[in-house]
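Please look over the sequence and the model shown here before reading the briefing. The notes concern helix packing, ring contacts and backbone features.

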Amino acid sequence: MGRASPTSLKVALAQLRRGAAMTFDEAMQMEFQLSQVFLGKDDLYEGIRAAVVDKDRSPSWRPDRLHLVTDEQVESYFDGSGSRLIFD
């Protein structure tokens with residue numbers, strides 16, 4: 001986990017916490033929303049670059065440390081204020 005995107009780790013933890021109180025349909029809607037937000041963020045493409053394109057296994061995450069990922073950044077994945085492609 002120490003090599004994963006710090007932002008993705010924090011979003012995943014928040015997702016697990018929120019999902020515990022959701023119905024299946026609500027959880028699937030949240031999954032879809034998060035997938036769309038992640039598609040609009042740089043870390044997804046940086047991870048693909050490091051693993052598939054350049055194969056250097058050295059992604060440059062932004063931010064690059066867990067403590068630098070703010071609560072506001074995490075919340076933006078859930079509240080619709082983050083980058084996204086499509087939503088209802």
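Predicted model: local features only at pLDDT ≥ 70, side-chain atom pairs only at ≥ 80, totals over all residues.

Residues are numbered from 1 along each chain as its sequence is written, and side-chain values use heavy atoms, with hydrogens and water left out. Helices (H or I, at least four residues) and strands (E, at least two) are DSSP runs numbered from the N terminus.

**Packing around H4**

- The axes of helix H1 (residues 6–19) and H4 come within 10 Å and cross at roughly 55 degrees, where axes are lines fitted to C-alpha atoms, for helices over the stretch in contact, and angles run from 0 to 180 degrees between N-to-C directions.
- H1 and H4 are therefore oblique to each other, given that angles under 35 degrees count as roughly parallel, over 145 as roughly antiparallel, 65 to 115 as roughly perpendicular and the rest as oblique.
- On the H1 side the contact (heavy atoms within 4.5 Å) is made by Thr7, Lys10, Val11, Ala14, Gln15 and Arg18, and on the H4 side by Val74, Glu75, Tyr77 and Phe78.
- H2 and H4 pack with their axes 8 Å apart, at an angle of about 120 degrees, which makes H2 oblique to H4.
- In this second pairing, Met30, Gln33, Leu34, Val37 and Phe38 of H2 meet Tyr77, Phe78 and Asp79 of H4.
- Val74, Ser76, Tyr77 and Phe78 are the buried residues of H4, and what covers them includes H1 and H2; buried means under 20% relative accessible area, exposed over 50% and partly exposed in between, with a 1.4 Å probe and protein chains only.
- Just after H4, Gly80 takes a positive phi of about 85 degrees.

**Rings and charges**

- Rings of Phe, Tyr and Trp (its six-membered ring) pair if their centres lie within 6.5 Å, with planes under 30 degrees apart counted as stacked, over 60 as edge-to-face and the rest as tilted; by this rule the count comes to one aromatic pair.
- The ring centres of Phe38 and Tyr77 are 4.8 Å apart and their planes stand at 45 degrees, so the pair is tilted.
- Phe38 lies in helix H2 (residues 24–39) and Tyr77 in helix H4 (residues 71–79), so the pair ties together parts that are 39 residues apart in sequence.
- Tyr77 is buried, with a relative accessible area of 5%, and the charged end of Lys41 sits over its ring, 5.0 Å from the centre.
- The charged end of Arg18 sits over the ring of Phe78, 3.9 Å from its centre; this term requires NZ of Lys or CZ of Arg within 6 Å of the ring centre and within 35 degrees of the ring normal.

- Glu46, placed in helix H3 (residues 42–53), is buried at a relative accessible area of 16%.
- Leaving aside neighbours within four places in sequence, Glu46 is in contact with Ser58, Pro59, Ser60 and Trp61.
- Val53, also placed in helix H3, counts as exposed at 58% relative accessibility.
- Lys55, in the loop between H3 and H4, has a positive phi of about 55 degrees although it is not a glycine, and at 61% relative accessibility Lys55 counts as exposed.
- Arg57, found in the loop between H3 and H4, has a positive phi of about 50 degrees although it is not a glycine.
- The peptide bond from Arg62 to Pro63 is cis, with omega near -10 degrees.
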